[in-house]
Amino acid sequence: MSTPPPRPTVRQRSADPLTMEVVELIGDVVARFYADYEEAAASHALTGPQARLLSLLALEPLPMRKLAQRLKCEPSNVTGIVDRLESRGLAERRPDSADRRVKLAAATEEGLRVARDLREGLHFAREPLAGLSTAERSSLRDLLRRMLDA
């Protein structure tokens with residue numbers, strides 16, 4: 001008696017047309033979001049990476065290593081971005097109260113204002129979502145979280 005061939009794993013199965021359409025739509029949404037983000041950043045004479053880093057710092061001060069992880073780049077790149085934001089008065093370095101050897105990057109008051117303006121300037125991220133009901137936005141959020149947790 002021969003054994004049946006192994007079942008393909010999820011990664012080996014070819015995607016069905018609906019899945020491929022969803023993947024393409026997600027890609028289109030991401031591309032439009034990044035284009036909108038780049039435009040909002042440029043309106044403040046910032047690059048996209050500078051704007052993303054400033055947005056992270058507006059949430060909380062972070063060590064350079066954690067910034068690099070969140071931005072998915074090398075720590076040396078983060079150092080240069082923080083240097084440029086610092087020279088414009090949008091960020092500052094300060095010692096970590098939990099570990100004085102660690103330097104945290106933090107948004108200044110002006111940096112917080114610019115980060116707020118950036119968020120308000122993201123039309124694509126806000127306007128299409130406003131056309132969805134609260135239940136639809138909640139459902140979309142839950143589905144996206146489920147995808148990210150998979």
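Student: Is Arg-141 buried, exposed or in between, and how do I read such a label?

Tutor: The label rests on relative accessible area, where buried means under 20%, exposed means over 50%, and partly exposed is what lies in between (1.4 Å probe, protein chains only). Arg-141 has 41% relative accessibility and so counts as partly exposed. Please keep in mind that this is a predicted model, in which local features need pLDDT of at least 70 and side-chain atom pairs count only at pLDDT 80 or more, while totals for chains, interfaces and linings use all residues. Residues are numbered from 1 along each chain as its sequence is written, and side-chain values use heavy atoms, with hydrogens and water left out.

Student: Which residue does the side chain of Arg-141 meet in a salt bridge?

Tutor: A salt bridge is a side-chain nitrogen of Lys or Arg within 4 Å of a carboxyl oxygen of Asp or Glu. Here the partner of Arg-141 is Asp-142, with 2.9 Å from N to O, and Asp-142 is itself partly exposed at 39% relative accessibility.

Student: How many helices and strands does the protein chain have?

Tutor: Helices (H or I, at least four residues) and strands (E, at least two) are DSSP runs, numbered from the N terminus. This chain has 7 helices and 3 strands, and their order from the N terminus is α-α-β-α-α-β-β-α-α-α. The radius of gyration, taken over C-alpha atoms and compared with a globule rule of 2.2 Å times the number of residues to the power 0.38, is 21 Å here, well over the 15 Å that the rule gives for 150 residues, so the chain is more spread out than a compact globule. Along the principal axes, the C-alpha atoms fill a box of roughly 70 × 45 × 25 Å.

Student: Which residues have the most contacts inside the largest nonpolar core?

Tutor: In soluble globular proteins, nonpolar side chains tend to be buried together. A nonpolar core is a set of buried Ala, Val, Leu, Ile, Met, Phe, Trp, Tyr and Cys residues joined through side-chain atoms within 4.5 Å. The largest one here has 25 residues, and those with the most contacts inside it are Leu-46, Leu-53, Leu-54, Leu-57, Leu-67 and Leu-85. Helix H2 (48-59) is among the elements that supply at least two residues, and H2 gives the largest share, 5 residues. If contact means heavy atoms within 4.5 Å, then Leu-67, leaving aside neighbours within four places in sequence, is in contact with residues including Leu-53, Val-78 and Ala-105.

Student: Which residues make the nonpolar surface patch of about 740 Å²?

Tutor: Patches are made of residues with over 30% relative accessible area and no salt bridge, with like charges joined within 9 Å and nonpolar side chains (Val, Leu, Ile, Met, Phe, Trp, Tyr) within 5 Å; accessible areas come from the Shrake-Rupley method with a 1.4 Å probe, and for residues only the protein chains shown count as cover. The patch is made by Leu-18, Val-22, Ile-26, Val-30, Tyr-34, Leu-129, Leu-140, Leu-144 and Met-147. Two or more of its residues come from helix H1 (17-42) and from helix H7 (134-149).
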